[in-house]
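Trainee: Could you take me through this model by asking and answering from its coordinates? I would like to begin with a single residue and then turn to the packing.

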Amino acid sequence: MMLFISRQAVVNAGPDAIICETGSYSVDGATSQQALSYLWNSSGDGFFSNPAILNPVYIPGPIDIKNGLVALNVTSSSQSFCHDSTDSLFLQINREAIINAGYNDTICNLSVHTITDALASGYDALHWSHDGLGLLTGINTLTPSYTPASGESGMIILTLKAIGLPMCPDRVDQKMLEVIPSVTYTSSENIETCDTTPVAITNITAQHYSSCMWTTNGTGMIDDPTKLNPIYTPGTTDIANGNVTLTFTLTGILPCANQSDHISLTINKNPRVDAGQDTIICEKNTYVASGVSVTDYNSMIWELIPSTAGLLTGINSLTPTFTPLDGFVGNVQLKLTATGNPVCGSKQIFDQISLQIVKAPQVNAGADQTIQESTSVSLTGTANNGSGDYSWLWKPDELLVNPFIYNPVSSDIINDVTFYLRVVDNNTGCTGTDSLNIFTLHTELGLLNIYNFISPNKDDLNDLWIIEGIEEFPENNVIVLNRWGDMIREFTRYNNSTTVWDGTNNKNEPVPDGTYFYILSVKNKGSRTGWIYVQGGHN
């Protein structure tokens, strides 16, 4: 018998491939052996030019394009008794780039323009370019920003290029960007005038604006508020205030913003002078001017009349100082002259005050006196060369019943003391002073050494109030008072040991730190008073 052996068909669809959505794919890499026939089909909705040949052309359908990938399958038939052979390749279908550079725009040259409406799909990369003078950043994004160069204006072309996906073409789109110049101007210096004199505003220039408008914060009149350099006539409120602000606004060409600026108009007036009030001063005292007012002036100067009456310093200030000549008594004038602003013709205005220099009262506190201790003394002061209307003050006032009269009486005086008398002439304010000494003759109680400080903090130092020598006067009584005169402690037969003050009150409570007063009385010997300072940490 004869045995026929058929050969198995083998087919290869070829390598995977890529095309653009608008193209077709010509199979050119398919191979086969021992095939009797071929049949191509796809997983999509496209069609083959001739599905029965080894290397047909495939035209993608809309679903293929949407999916972006389709399998192309080929089957070859074999001889009898052999199986058919199949193979596949994958065809990637890339979409063409779609781009839109965005709408045309207009910007001011002081602005940065960021593109926000550009669109792109189906691309491999983006690149922006321009034909302007400025700077474009973010050139590989959909939102680049263009910054105009200084002074740049006109039409700028912004070009968006999309690099297509493999096998697809590049795409280009453009938008127009119009750059409008912003308002530019040079302002005027601040100006001045005198009272109601009209003043011309000059030297203001401007470019790239559509209109001009002047306004004022005062009450004056602008002859033509739409002119760059108008004339302004001050109003009454302007003159009273001495200045006014004039503001101009330049309307920019859209979309550029308006620009505003202002100048200050100073309105000068003739000087007004007030040298102050007539004054009385005491001999040998200096006078510093006060209450002086000078307005609307360019310079000022004081003059002493007569010039031989003393020394006048600070003659160009509001507070000159006059020092009378030693021994000078009488009247002088201080004359203040102000010179106005040259804008108003440098007019001079003056005012003056009268100074009366009077003698100070001559004060006599009286002769020194010697008295027995613990007795009072009468004082008698006198004052001459004044008006006779005096105020009296004796010191130390705590030792006197009424220190505000010329003849006060003292409380009992224990130790030597100096009294000081100060007399003020109520009409002139002049003062005079004097003093006298009171010397005391001490009795036996005057030999006591009465401490005036205790610190009852239990450190064994000054914890108790000691009266050295009190043991020689056992028939004694001691009262301790606070600063309001309230008795806080009383002792009979004070002896520094069993009967002694430790800084407590009648309830044995520590007293607050401060000054306290005592009255020491001894039978048939008299009494002594004084003060004690307590510092024991009690507050």
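Mentor: Serine 455 touches Leu461, Asn462, Asp463, Gln535 and Gly536, leaving aside residues up to four places away in sequence, where contact means heavy atoms within 4.5 Å. The model is predicted, so local features need pLDDT of at least 70, side-chain atom pairs count only at pLDDT 80 or more, and totals for chains, interfaces and linings use all residues. Residues are numbered from 1 along each chain as its sequence is written, and side-chain values use heavy atoms, with hydrogens and water left out.

Trainee: Is serine 455 buried or exposed?

Mentor: Buried means under 20% relative accessible area, exposed over 50%, and partly exposed in between, with a 1.4 Å probe and protein chains only. Because its relative accessibility is 8%, serine 455 counts as buried.

Trainee: How far apart in space are serine 455 and glycine 536, C-alpha to C-alpha?

Mentor: Glycine 536 is among the residues that serine 455 touches. The two are 81 residues apart in sequence, while their C-alpha to C-alpha distance in space is 4.5 Å.

Trainee: Which residues have the most contacts inside the largest nonpolar core?

Mentor: A nonpolar core is a set of buried Ala, Val, Leu, Ile, Met, Phe, Trp, Tyr and Cys residues joined through side-chain atoms within 4.5 Å. The largest one has 22 residues, and those with the most contacts inside it are Leu448, Trp465, Tyr494, Trp501 and Leu520.

Trainee: Which residues does tyrosine 494 touch?

Mentor: Tyrosine 494 is one of the residues with the most contacts inside that core. Not counting residues up to four places away in sequence, tyrosine 494 touches Trp465, Ile467, Ile470, Asn476, Val478, Thr499, Val500 and Trp501.
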